[in-house]
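Hi everyone, thanks for coming.

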Amino acid sequence: MLQFSLLNKEDRQYMQHALDLAARGLGKTHPNPAVGCVILIDGKVIGEGFHPEAGKPHAEVYALRAAGQASAGATAYVTLEPCNHFGRTPPCSRALVAAGVKRVVIGIEDPNPLVGGAGIKTLQAAGIEVELVGGAEEEKAYILNEKFMERMKAQGQ
């Protein structure tokens with residue numbers, strides 16, 4: 001079950017940082033969304049990244065590369081549910097599992113019919129704690145990729 005209530009001010013600050021990173025990719029990622037990721041362990045940012053353009057690795061991959069082996073046991077803040085399918089890049093959900101993160105805080109669920117909750121299920125099946133940020137940060141995550149979100153919702157109907 002996804003939870004909202006356990007999030008604290010620090011979680012919201014790191015999600016805001018991930019949203020700021022995601023904004024760096026705006027206008028360059030179509031048909032993909034602009035996504036940001038921050039990886040934290042023991043109160044310290046050890047990796048961060050954003051999706052710079054379509055066809056390049058996703059935000060989670062850049063953040064995990066920066067964190068290296070230190071990502072084991074870490075918390076990842078991702079502005080959009082990690083993808084769970086093979087496209088031009090492999091699934092980010094599986095990359096987070098392979099890296100050994102223990103917790104993933106997600107800005108908003110991905111309405112893409114190829115993802116649509118499957119990324120969350122993959123993380124949870126691996127024993128990773130998954131939480132949705134909710135509130136103002138969720139709204140910002142939606143607005144950041146509003147055209148993508150609406151297009152994906154239309155495809156899913």
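Predicted model: local features only at pLDDT ≥ 70, side-chain atom pairs only at ≥ 80, totals over all residues.

Numbering starts from 1 along each chain as its sequence is written, and side-chain values use heavy atoms, with hydrogens and water left out.

So, the helices, which are DSSP runs of H or I with at least four residues, numbered from the N terminus. Helix α2, residues 59–67, packs with helix α3, residues 92–99, at about 20°, axes 9 Å apart. Axes here are lines fitted to C-alpha atoms over the stretch in contact, and angles run from 0 to 180 degrees between N-to-C directions. That makes α2 and α3 roughly parallel, the word for angles under 35 degrees.

Who touches whom? Glu 60, Val 61 and Leu 64 in α2 meet Cys 92, Ala 95, Leu 96 and Ala 99 in α3, contact being heavy atoms within 4.5 Å.

Now the pockets: open sets of points on a 1 Å grid over the protein atoms alone, where a 1.4 Å probe fits, with protein on both sides within 12 Å along at least five of seven lines; lining residues have an atom within 4 Å of a point. The largest pocket holds about 380 Å³, a volume being the space filled by probe spheres set on the points. Its lining has 24 residues, with Asn 32, Pro 33, His 58, Cys 83 and His 85 nearest the centre.

The second largest pocket holds about 210 Å³. It is lined by 16 residues, and Thr 29, Asn 32, Asn 145, Lys 147 and Phe 148 are the closest to its centre.

Notes:
Helix = DSSP H or I, 4+ residues; strand = E, 2+ residues; numbered from the N terminus. Parallel < 35°, antiparallel > 145°, perpendicular 65-115°, else oblique.
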